[in-house]
Protein chains: 2
Amino acid sequence: MGHYSAFHYNAKLTLYREDEVFVSDVHIKLLKQVIKDGSINVAAKNLKMSYQHAWHILDKVNKLSPIPVIIRQKGGRDGGGCNLSPFGFKLIAYYETKEKELTDYLEQMNQDIESCFF
Amino acid sequence: MGHYSAFHYNAKLTLYREDEVFVSDVHIKLLKQVIKDGSINVAAKNLKMSYQHAWHILDKVNKLSPIPVIIRQKGGRDGGGCNLSPFGFKLIAYYETKEKELTDYLEQMNQDIESCFF
C-alpha cells in the first residue's frame with residue numbers, strides 16, 4: 001500500500017462577502033507583509049507582486065469590509081506609510097484560527113484515505 | 001447584525017498525489033459529463049471547454065492514477081467513444097462523499113460566524 005499514501009486531500013479556506021472573495025490565503029499573506037513593512041509598495045516588492053495588484057487587493061478588502069482593514073497615512077514618497085486597523089489584526093487572527101481548524105479536520109480526513117480510497 | 005450574515009466561509013476540496021492536483025471539482029464535473037456523453041469531444045463542447053484542455057485534464061488524471069480512470073475506445077469519428085473504468089466511478093463517489101462532509105463541516109463553521117467575527 002506504500003505508494004497510495006502519496007494521496008491526500010487539501011482545501012483552501014476563503015471568506016466571502018456574498019459572492020465576492022473577502023479574505024483568502026493570498027490576502028492574509030499580503031496583510032501580514034504590510035504589517036511587517038509598513039508600506040504597500042515595499043510589501044508588494046517583497047512578495048514579487050506589482051504595486052497595482054497589491055493595491056487593488058487591499059482596496060477591495062477595505063471596500064467589502066464593514067470596518068476599515070487598512071489605514072493609509074497620507075504624504076511621503078510611498079504615498080505615506082500604511083498599517084492595519086485593530087479590526088484588521090482581529091480579522092487575520094480569526095481567519096488563521098479557522099484555517100488551523102480546517103487543517104486539523106483535513107488531517108483527520110487524510111488518516112483513513114488508504115482504507116477508503118481503494 | 002443583519003449585514004454581517006452576508007459573510008461565509010467556503011473551501012474547495014482537492015485531492016493531490018504528492019504535489020500534483022489529482023482530482024478537483026473541475027475534474028469531477030468533466031468526468032461526469034464524459035459519463036453522460038460517452039465522448040470527450042462532446043463533453044468538452046457541452047462544458048464550453050476546448051477539446052485540448054479536456055483531453056489534457058483527463059490524460060493527467062490517468063497518468064497520476066494507480067488504476068486507469070478513463071477508458072478510450074479506438075476508432076470512429078471522435079477517435080472512438082470514451083467511458084470511465086469502475087475505479088473512475090468509485091473515485092467520483094469517494095470525492096463527492098468527502099466533499100459533502102466538508103460542506104457540512106463548513107456549514108457548522110459558518111453558524112457562529114456572526115458571534116466570532118465581530
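Which residue of β2(B) is the bridge partner of B:L15? In this predicted model, the partner of B:L15 is B:V23. The bridge belongs to the pairing of β1(B) with strand β2 of chain B, residues 20–23, which is antiparallel and comprises 3 bridges. The two strands make up a hairpin in which 2 residues lie between β1(B) and β2(B). Within the turn, B:E18 adopts a positive phi of about 50 degrees.

Strand β1 of chain B, residues 7–17, is joined to β1(A) by 11 bridges, and the two strands run antiparallel. In this pairing A:R17 has B:F7 as its bridge partner, while A:A11 is placed opposite B:L13.

The interface as a whole involves 35 residues of chain A in contact with 35 residues of chain B. The size of an interface is often given as the accessible area lost when the parts come together. For chain A and chain B the buried area is about 3300 Å², and carbon and sulfur atoms contribute 67% of this area. On the side of chain A that touches chain B, at least two residues each come from β1 (7–17), α4 (86–111) and α5 (113–117). The composition of that side by class is 24 nonpolar, 4 polar and 7 charged residues. Although charged residues are present on that side of chain A, 0 salt bridges are found by the rule across the interface. Polar contacts between the two chains amount to 8 residue pairs, with both residues at pLDDT 80 or more.

The arrangement of the two copies was examined next. Two copies of a chain are related by a rotation about an axis and a shift along it. Here, chain A is superposed on chain B by a rotation of 180 degrees with 0.0 Å of shift along the axis, and the RMSD is 0.0 Å. This is the relation of a two-fold axis. The residue of chain A that comes closest to the rotation axis is A:A11, with its C-alpha at 2.8 Å. A:A11 is also the residue that stands opposite B:L13 in β1(B). Of the interface residues of chain A, 100% are interface residues in chain B as well, so the copies meet through the same surface.

Technical notes
Residues numbered from 1 in each chain as written. Chains lettered and ligands numbered in written order. Predicted model: local features only at pLDDT ≥ 70, side-chain atom pairs only at ≥ 80, totals over all residues. Heavy atoms only, no water. Contact = heavy atoms within 4.5 Å. Buried area = accessible area lost by both parts, 1.4 Å probe. Salt bridge = Lys/Arg side-chain N within 4 Å of Asp/Glu carboxyl O. Polar contact = N/O pair within 3.5 Å; in protein donor to acceptor, adjacent residues only side chain to side chain. Helix = DSSP H or I, 4+ residues; strand = E, 2+ residues; numbered from the N terminus. Nonpolar A, V, L, I, M, F, W, Y, C, P; charged D, E, K, R; others polar. Pairing = 2+ DSSP bridges. Least-squares fit on C-alpha atoms with pLDDT ≥ 70 in both.
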